[in-house]
Amino acid sequence: MKFRIFFIFFLGAFFLHAQENERGSTTESTKKDTVIGTKRALVIGISEYDSSKLTLKYADDDAELFTSYLTKIEKVKEENITLLTNKEASSFNILNGLQQLIKSTKKNDIVYLFFAGHGDVVSKDNVEEKIGFLLASNVNDSREFYGTQGVVPFHEISVTVNAIANKEAKIILVLDACRSGYLSSEGTKNNLETFNKYLENSTKLLSCNPNELSYEGDNLTINEVKKGNGYFTYYLVLGLMGAADLLQDNKLQYFELQSFLDVNVKLATNNRQTPMVKSKSSTDFFRSLTANDKKEALEQVQNPSGIKNLLLNRSGSSKNEMLLNLNSDIIQQFNKALATENYYGNSESAYEIIKKAEKQQRNKEEIVQLMKNKLIVALSTRAQLLINDYIGNVAVLPNGNTFVKNAKHLEICLDLLEKDNFSYQRMLTSKLFLEAYAIIRNKQLAKYPIAKQKLEKALQMETKAAYIHNALGIVLNYEEDYKRSFDHYEKAQKLIPSWVFPFNNMGLNYYDKSDYPNAIKYLKIALSKKQTNGNVYNSLGVLSNAKGKYSEAEMYYHKVKEVNGTYLPITLRNLGSLYENKGNVKKAVDYFLEALDKDSTDVYSIFSYADILIDENIDPQKAKQLLQKAIKLEPYFSGGYAKYADFLRRYPKNNTDLVKADSLYKIAIKNNPFYVWAYAGKGWLLKKQKKNDEALASFLAGIKKNPKKASAYYYLGNYYNNGLSNKEKAREYFEQSLQTDSFYMPAYKGLITLLNSEKKYEESIEMLQKVIQRNPEAPLLYNLLGNTFYSKKEYEKAILYYQKAIQVDGTFAKGYSNLGYCKLLAKEYEEATNYFKLAAKYNPYNHKVSSFSKLYLLQARKAKRSNHLEEAKVVLEQAYQLDSSLATVFAMTEWYYFTNESHKTAELIEELNSFSAAKSWQIKKYELLTKIYIDLKEKDKAQVYLSALQKINPTPNYILQALVYSLQNKGTEAKASLQKVNSILLRDKFLERNYSTTTMKAIQKLQK
């Protein structure tokens, strides 16, 4: 039968650069000091020999596969690769290629020599030692190798290796060669011994033991064109790409490659081919890996093919040596289950088929073991892919149920494996991790102690598993055990120096401790490792937002899209919260909706959107539905229960709602005893129920459980201020909040508002000016300073600081409304209008133009009463420009009437008539329009509006009736109507308030 033996030798100067450090101890400086020259390669693969007796199936495919590996993974330039396949791989071309390698190689170069084809070892009576050869395409089939063409003596390979090594270059020798058709197992052994003699003191990766054969499969493929490869070559390339990185540290070590090849090649060949890895140290470092290459490699591993063609060896025979019945019904059922990913859980699953096969004595043990191996590969690889996604810090990890599912995959694998199997402990470690991380992803915070136990147990089995250290750090950070949390993040980082995730978590660890400089430091380090990591930019945005640096935060959030091509759902949510902080509610809503459109199951986005619907009174009932949905999506997450309790507390229909809110707060606290707001929300509920002592106790319980969180002190300070009107205690806790986190913006707002309410303006000003010196990029601080001067009625200074807030952040919407109020009080009406328009644009829910226009109308009335008629006119015009509503159009129309300019009202009357209005407004409108047309002496229109007035107003207006009669030349009727008017209503003072001078003259004429 045809077979090949596979060798990889790492020779010469390669060992000058081998890593002697403990696993994970290689420093960045060590890497930088290693000089790498040009990468070169001679790749040979021969399937089609001149003699048809020597034909192989996939040797040329193996060469092309290895070439693809070199170009795509090792980044060898195509011009530095010589690829010889089939006819081109003559002995001359091969030997010439070797000479060219010797000639072109320089110090620090890396040289690859790959040969896939036949090899042979012969001995002659007059030769004291066995001589080995690689067989070129033009070899004869009589085994006459001496003095003939068509062979490459092992001696020439040795000369090439030594010459390259003497140049202080590295050489990687890959030989898949044996005398197919001629060599017995004993011959294979001789072949190995010959290689060992010529190439001593080397590291070897061998496709099989000396007494085994090397097999190939028809159904193996890594690209779309080729349909077969040798099992060893196939899994070797996948292993080198990263599938062999069992410890997930992005460093491939020899023992990992041995383990990967041992498991996969043995599983694929039903234990008939056992690879060997021999090196000076099994923990030596081979090559660095990338997460993407690993993922692709594992995805290839996870796609197991059927069994029928699995055991074809290099002979190309369709029969298997064990005479196994691979076309039996049970095998076909098993293959169908694999193809449809029906792994376990029902009677037709692959797992149940294996169990049936074990019970049926007619099934050979090898068949059952083969099915077990195939199912183990399918399930364990899927679990490893999920772990790799976690390690790769993918933008969005799947939910916790996916981790539960994959933990179950590994449980099935462990059931199928013997405990002494090499892979058993590794799979058990992964299973414990997946179970623990399922708790983390499902936000089962009350079960974090269980997750911690599982992770600690996993680390006992594999102390250098970086991904487990990182997960344990997350749990400890939640428990506010920041020191131990940081230690585990640091261990993960040292084990995988290029991994961004631990650096990001170390930054957030410092952020949770309110240590902003160190938080930024570690996040910047994370960026230096991978500048396209969107999660790190998102974290930097969170820090900037917390410090009130909104422009900087927004820049970081937009950077996420720049490097990822799209926003992360969490980034869209953070942008929404950012704009809500700025007062731009409209844009905040847009971002929350976009986040939910991207991931409708993200409960944090649901909470944020529900909060703004309630706080801005946009749609509280919709918010209620969203909160109920969130609880269903994440039944273990405290946030859903606390937020829903908030809704019931704020909008109770009856006392039952308040009782339900209390139970929801209790669930929230039970699920997450570190959730500060649950204690505060419950405190406000108890206050509403007039249980002041219990309310205070709830706030204090929140502080006791969260002594390192600024929000806990702020919530209590807010309660003392707004709930108990205890200013002294409120100030105490606001200040305690700022001592905990000197950048905590809500506490500044609470404290400054309190001081201003007590008219302690100078204290507010001094405090804010000091803080601004330390944090000059926070618009909220300038806004608070503006509020202080506004409270002092120093409007010019208030305007100055509100404008400064907008200069720092042009989208700080709160500044526009404040500027509008100040400009209105300063009687700079046109500028006020522009600011109010912007305020309404950014927050059309709470800053309605109709509300602002009412202020103008009030100001106009004041100006009119003070006889400042020009000012009143300007104010009314600005009100109309700001909000062309029924109220402002009526006011402008009325103004022209009273100033005897009724001839200017035509367009306004048309606009006025376009509004739907309540009865009270209709009465006012018809009265005004009747007056206008009386002044214009348009009797028909005056009569129309008077008639309309009389239809809806049961109280007759005899003055207007008299004036209309007068227009109609009905003098007698006019006088009669006027006589019905109460004389008080005909006094000048009353007439001046209700009629224009033109109308008053007409009335006085009638009176005469």
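The charged end of arginine 774 lies over the ring of phenylalanine 743, at 4.6 Å from the ring centre. Lysine 864 places its charged end over the ring of phenylalanine 898, 4.1 Å from the centre. A charge sits over a ring here if NZ of Lys or CZ of Arg is within 6 Å of the ring centre and within 35 degrees of the ring normal. The model is predicted: local features need pLDDT of at least 70 and side-chain atom pairs count only at pLDDT 80 or more, while totals for chains, interfaces and linings use all residues. Residues are numbered from 1 along each chain as its sequence is written, and side-chain values use heavy atoms, with hydrogens and water left out.

The secondary structure of the chain comprises 46 helices and 13 strands, taken as DSSP runs numbered from the N terminus (helices H or I, at least four residues; strands E, at least two). Of the 1008 residues in the chain, 56% are buried; buried means under 20% relative accessible area, exposed over 50%, and partly exposed in between, with a 1.4 Å probe and protein chains only. Among contacts between residues at least 6 apart in sequence, 63% join residues at least 24 apart, a contact being heavy atoms within 4.5 Å.

The whole structure holds 46 aromatic pairs. Rings of Phe, Tyr and Trp (its six-membered ring) pair if their centres lie within 6.5 Å; planes under 30 degrees apart count as stacked, over 60 as edge-to-face and the rest as tilted. Phenylalanine 66 belongs to helix H2 (residues 59-72) and phenylalanine 114 to strand E4 (residues 110-122), so the pair ties together parts that are 48 residues apart in sequence. Phenylalanine 66 is buried at a relative accessible area of 3%, and phenylalanine 114 is buried at 0%. Elsewhere, ring pairs link Tyr390, Phe403, Phe433, Tyr437, Tyr467, Trp499 and Phe501 into a cluster.

Lysine 452, in helix H14 (residues 448-461), has a relative accessible area of 18% and is buried. Its side chain makes a polar contact of 3.1 Å with that of glutamate 479; such a contact is a pair of N or O atoms within 3.5 Å, in which, within protein, one must be able to donate a hydrogen and the other to accept it, and residues adjacent in sequence count only if both atoms are side-chain atoms. Aspartate 602 lies in the loop between helix H22 (585-598) and helix H23 (603-615) and is buried at 11% relative accessibility.

A nonpolar core is a set of buried Ala, Val, Leu, Ile, Met, Phe, Trp, Tyr and Cys residues joined through side-chain atoms within 4.5 Å. In the largest, of 153 residues, Tyr609, Leu781, Tyr856 and Tyr995 touch the most other members. Helix H39 gives the most to this core, with nine residues. A second, separate core of 86 residues includes Leu338, Leu397, Leu445 and Leu472.

Tyrosine 995 touches residues including Phe898, Met1000 and Ile1003, leaving aside those up to four places away in sequence. In helix H46 (residues 997-1007), Thr999, Met1000, Ile1003 and Leu1006 are buried. These residues fall within an arc of 120° seen down the axis, so they line one face of H46; the arc is that of the directions from the helix axis to the C-beta atoms. The face turned away carries the exposed Lys1001 and Lys1005.
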